Amino acid sequence: MSGVKILWVDDEIDNLKAQILFLEKKGYHVTPVTNGYDALEKCQEEILDVVFLDESMPGISGLETLTRIKAINSNLPVVMITKNEAEDIMEEAIGSQITDYLIKPVNPHQILLTLKKIIDNHRLVSQKTTSAYQQEFSRIFSAIQMGGDFNDWVELYKKLIFWELELDNARTDEMKEVLAMQKSEANNEFCKYVIKNYVAWVQGKKEGPTMSNTLFREKVFPVLADDVANFVVVIDNLRFDQWKIIQPIISEAFQFIKEDSFFSILPTSTQYSRNAMFAGLMPHDIERRHPNMWRNDIDEGGKNMYEEEFLRDQLKQNNLNHLKVSYTKVTNHHNGKNLVDNIHNMLDKDLNIIVYNFVDMLSHARTEMEVLKELASDEAAYRSITRSWFEHSPLWQALRKVANKKINLIITTDHGTIRVQNPSKCVGDRNTTTNLRYKHGKNLQYVKKDVLEVRRPNDAKLPRPNVSSTFIFAKEDKFFVYPNNYNHYVNYYKNTFQHGGISLEEMIVPIVYFRGK
């Protein structure tokens, strides 16, 4: 393998000439040394790809040499070669982060296989992943062109996410660019599909997917168990790909049952979608049923202050008001620590709702803070931050405390988010909403091809703040920018994660079921 440098450390190195010659014929560069001191010197002087290290040597032992090599370069792969299979020695070596071990006498093919696992593994995985995606490309292309119904769109979106994560791991930038183009084309066709069907769905004139306002009725209430505590965790603003990143963590402590999905209503924003979830109603109907609790965008005060009241009313409407219910909203670290301290007290409740706002705060903070723009510069980085947050979050700490209890756990969200790329000019009066992915107001001027326009809000089951209000929703990765100071705002918001509009990422979101182990 041209360019790969191997350091082989063995006090009987002369007996290994055949193995070294074999590797050199295969294109590997092998530097032989006879003791740990010379090995450490080579590790400091040269850039090496792998070390073969004899466990039993005079002077400093193989284990001590290993420890010192790791102090010089903790990422350098080390293969321990030993005559001794004693368990304590191997445990100590493994604990010191050896990459692999071989038992003497070693033959050339054993060594070659080990090298391929270490050096070639990433390249081989990358090649296999790239080849597999290339074979899948035409099938995905056909699925995008055919469109299908809402179930087909869910499956297509999940397939795109699968390949996005696979290509992330393979680090094949060329194929990632191809997939990004496919995803963009999918979003283009998905927006056409939603624009054609959305109003008919919410008016009940056409069979549609489970949406925010029917989520609890169709996918939560039917699975509540009488003999266990049921936990429903709503992680605000959690996309499907972010869910897939944290799924392995949760699956270590909880028994996975199934993964499902639903469509967020429009606007795909917390004020609308989460209120609709808890009320079991579309925003227009919430305003009519709870006029003192609904707040329009331009109204003062918090927009999600009455979720618990909405939930209790929905339970009553579904003859479930006998359930013992707790509702907890976490908006800061102090709330999170209280959740950790109190989660055991929830075990005697029938239904426990936990709303956790971190991902939404991360999305908005990324817009405002330059350091987060660097840390979450693209989707892969955004997923990575989500995983790191979840692993160390009070939410996961709290859930682990009840993982061995007899509970049902449902994890879901209210909407997703999309990284916006393309500005679209929009003008409105001073009461026009400020959201970058949807707006409503009087006398809106906008680029029609970039939006879904709803001139009669009641058609989409939305409130009508005034007689001449129009709603517009940005398609794909567009974001609204006022012509005044246009370049400044384009540069400021481009590549930030926003929500409120129409895209696969914002509308198709997960609901996942677990039980305690």
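Trainee: Which residues of β10 point one way, which the other way, and are they buried or exposed?
Mentor: The model is predicted, local features need pLDDT of at least 70, side-chain atom pairs count only at pLDDT 80 or more, and totals for chains, interfaces and linings use all residues. In a regular strand, side chains alternate between the two faces of the sheet. Strands (E, at least two residues) and helices (H or I, at least four) are DSSP runs numbered from the N terminus, and buried means under 20% relative accessible area, exposed over 50%, partly exposed in between, with a 1.4 Å probe and protein chains only. From β10, I407, L409 and I411 point one way, N408, I410 and T412 the other way, and all are buried.

Trainee: In β10, what is the bridge partner of N230?
Mentor: Strand β6 (residues 229-235) runs parallel to β10, with six bridges joining them. The partner of N230 in β10 is N408.

Trainee: How far is the backbone nitrogen of H440 from a polar atom of the side chain of T433?
Mentor: T433 sits in the loop between β12 (422-427) and β13 (438-441), and its relative accessibility is 5%, so T433 counts as buried. Residues are numbered from 1 along each chain as its sequence is written, and side-chain values use heavy atoms, without hydrogens or water. The distance from the H440 nitrogen to the T433 side-chain atom is 3.0 Å.

Trainee: Leaving aside neighbours within four places in sequence, which residues is T433 in contact with?
Mentor: Contact means heavy atoms within 4.5 Å. With those neighbours set aside, the contacts of T433 are D297, Y438, K439, H440 and Y482.

Trainee: Why is the pair of F278 and Y327 given its class, and what is that class?
Mentor: Rings of Phe, Tyr and Trp (its six-membered ring) pair if their centres lie within 6.5 Å; planes under 30 degrees apart count as stacked, over 60 as edge-to-face and the rest as tilted. By this rule there are 28 aromatic pairs. The centres of F278 and Y327 are 6.0 Å apart and their planes stand at 85°, so the pair is edge-to-face.

Trainee: Which ring does K425 lie over?
Mentor: A charge sits over a ring if NZ of Lys or CZ of Arg is within 6 Å of the ring centre and within 35 degrees of the ring normal. At 4.9 Å from the ring centre, K425 lies over the face of Y486.

Methods
Polar contact = N/O pair within 3.5 Å; in protein donor to acceptor, adjacent residues only side chain to side chain. Pairing = 2+ DSSP bridges.
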